[in-house]
Structures are given as structure tokens and as C-alpha cells.
Amino acid sequence: MVSFAGWTLPLHYGQGHLQSHLHTRRHCSLFDVSHMLQTLVYGRDRIRFMESLVVGDIAELKPGQGTLTLLTNEKGGITDDLIVTNTSEDHLYVVSNAACADKDLAILRDRAAQLQATGSDVHLEVSDNALLALQGSPSMARVLQAGLSDDLAKLSFMNSITTTVFGVPGCRVTRCGYTGEDGVEISVPAAQAVELAEQLLGVPDVWLAGLAARDSLRLEAGLCLYGNDIDETVTPAEAGLMWTLGKRRRVAMDFPGAAVIMAQVKDKPRRRPVAVAWTGAGQALLNSPYPHIPGTVTSGCPSPCLGKNIAMGYVEAAHSRAGTQLTVEVRKKQHPAVITKMPFVPTQYYMAK
């Protein structure tokens, strides 16, 4: 168990990190991610409220559809990355990073108060639900379908329904996750969380997995970790996350930091995110430098699936092309490395036909 964002969380369970990681890729695993902040946004002005804070096109989301989006500051930096879902129940469902929970909630509440003062109809409710993530292809769909009356095959990646899961009513099932695999996150009333977890763990294919596997799985899938790969000093243009900006929002430039971000798009960022791989002993330490091509490693670990070391980081734009040879420094020793394509391991997100 380790301390994380004010919580005590499991780093790994009895099977160990390596086996847990591989089991998620080959079967499926259950992650307790209840430390994430879950916020419900109500009121007729909820979409205008949300779009005043994030870069995404929330208005275009269909009922039940969600999107990854970014909270930005006036300098264009990324305050947090979060998922916003336009539910079918007349509210927005927002999931934020635990490490950013306090500042995110302060931003949301402050903006809501500003709009309320001008007569807008918006109000927030912090959910006390637990959040369980069942992740892994192909077992997840088979395991979960056994406890659903709804047809899981109709639920596409980044879409959400409220349903009964293994007899527990009032669960929000969202087809998303942080592993690159087909998976769901289940927002479940806290009093029934253990009951639901035990039901899922009663299936032999399902193992418990902790933070260590969650981190190595997301890195293989090329997914950013807030505080490492992105933060308030990095803009969406620099982070390669301009795909999160809706076309309408780019034109309107009505989100925090829009002028800075769109100017960077026009002039091209000086640094770019890259994926790096190498073999040999050791792994790159966080924030270790590339000695010959200026840059920074932001996340790194040995890849259980690839049998080599992998990392994400930033280099000068001129040196960011895939195939570029460079060196990484590991414990004061140099190792030859190469910039490769992202993701390191192909993702398995499910798109309903």
C-alpha cells in the first residue's frame, strides 16, 4: 500500500506487478479507482458553464456520450485532463484526477458562483460513489455481460449508461479506461461497492490490480499521466492534444488560454511529445535528460509486453520524427534509444457496429 493524493492505495496484489499487467492484457483485471473525483453538473446552463472552463465541444455530445477534455488556464497550460459525459438524465458527469481534485473543485465552484451571480442556472454535486474499473480484452465484455440486462455490444467506447450490475441498481457504466484495453468504469453507490467487487472477483478470469499495473498499462497505451507528462506549464499544442479541441471551439476561441494555444498552433510548438524505446539495463528516471538531443523524459518503465524499456517525453520539434536515434541517461550511463510511434502497444477500444 502507498500514499497517493491523500489516499492509501494498493501498489500491487499477491500476483505481483508483472503478472498483473500481463493478465490485464490477456484476460481482465479489476482496479479500484474510487479516489477519482466524480462531479455532477446540473441546470439548463450546464453546457455553457462547462465550455467556459474546458476546450472540448460539450454541446455536440449526444445523450450518453463522453469525451476526454482539458481544463486550461489563461496561459494555455493544462490544469487537468478529465472526462465529461452528457448523460441521459439531464446532467453532466465529470471524472477528474484525484491529485487535482481540490484545485479542480475550487475552479468548478468558483465559476459556478460567478454564473449564478448573473442569473445562470447551474449547480454542482460531488458524488460519493465508488468507482471500479474492469479492464481487459477479450474477457471484460463476457464477464460484465453476465451481470447486465442491457446489451453491452451496443455500448461504444466513451459512451455511458445507467443500469443494474450484478443486482446492484443505479450504476453508471462507461466504456472507457486507462489501460488501452476494452474496459469499463463503473460508478457504484459506495455501500454496494464491496458487494459488486466480490461478484466480479468471483469469476476466475478477474484479478485485482493495483497502481503499478495501472501505470505501466497506460504508458504502453501512450496515455498521459497528469503531473508527469502534462501539467500547467504544458499547452495542448505542445502535448499533442489538439485533437481534444472541437472545431467550433477553435473558431470561437472562448476557452481559457485560447489566444496562447491557437498562436502556438499557427507558429508550431518548439517542443513535441515523443515515444522512446531502448533495450539494456535499467529504466530512465523521471525527468532524466537526453544528453545529445535536448529533451526530458516524463514517464518511463520496462514494458512487460515488449520486453524493452519505454518512455514518453519531450524533445525539440526538429528532432521528434519517428526513427530518430538518440541516447538516454540511466543512472549516469548512456543507452542508445530510438523515437518510435505511439502507442507502444496497440489499443483495443471497442466501437459498436
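E181 is buried in this predicted model, with a relative accessibility of 5%. Its side chain forms a salt bridge with R25, in which the closest N and O atoms are 3.0 Å apart. R25 is buried as well, at a relative accessible area of 12%. A search of the whole structure finds 13 salt bridges.

**Salt bridges between distant parts of the chain**

- The E181 and R25 pair joins the loop between β11 (168–174) and β12 (183–188) to helix α1 (residues 17–26), across 156 residues.
- R25 and E181 also belong to a salt-bridge network that includes E220.
- R248 forms a salt bridge with D57, with the closest N and O atoms 2.5 Å apart; R248 lies in helix α7 (residues 247–252) and D57 in the loop between α2 (46–51) and β5 (65–72), 191 residues apart.
- R248 is partly exposed at 36% relative accessible area, whereas D57 counts as buried at 10%.
- E232 pairs with K103, the closest N and O atoms being 2.9 Å apart, and links the loop between α6 (211–220) and α7 to helix α3 (residues 101–117) over 129 residues.
- E232 is partly exposed at 39%, and K103 is partly exposed at 29%.

**Aromatic rings**

- One aromatic pair is found in the whole structure: the ring centres of F157 and Y349 are 4.2 Å apart and their planes meet at 15°, so the pair is stacked.
- F157 lies in the loop between α4 (139–145) and β10 (160–165) and Y349 in the segment after β18 (333–340), so the pair ties together parts 192 residues apart in sequence.
- Y349 is partly exposed, at 25% relative accessible area.

**Charges over rings**

- The charged end of R172 sits over the ring of Y93, 5.7 Å from its centre.
- The charged end of R271 sits over the ring of Y314, 5.1 Å from its centre.

Note on methods. Residues are numbered from 1 along each chain as its sequence is written. This is a predicted model: local features need pLDDT of at least 70, side-chain atom pairs count only at pLDDT 80 or more; totals for chains, interfaces and linings use all residues. Side-chain values use heavy atoms; hydrogens and water are left out. Rings of Phe, Tyr and Trp (its six-membered ring) pair if their centres lie within 6.5 Å; planes under 30 degrees apart count as stacked, over 60 as edge-to-face and the rest as tilted. Helices (H or I, at least four residues) and strands (E, at least two) are DSSP runs, numbered from the N terminus. Buried means under 20% relative accessible area, exposed over 50%, partly exposed in between (1.4 Å probe, protein chains only). A charge sits over a ring if NZ of Lys or CZ of Arg is within 6 Å of the ring centre and within 35 degrees of the ring normal. A salt bridge is a side-chain nitrogen of Lys or Arg within 4 Å of a carboxyl oxygen of Asp or Glu.
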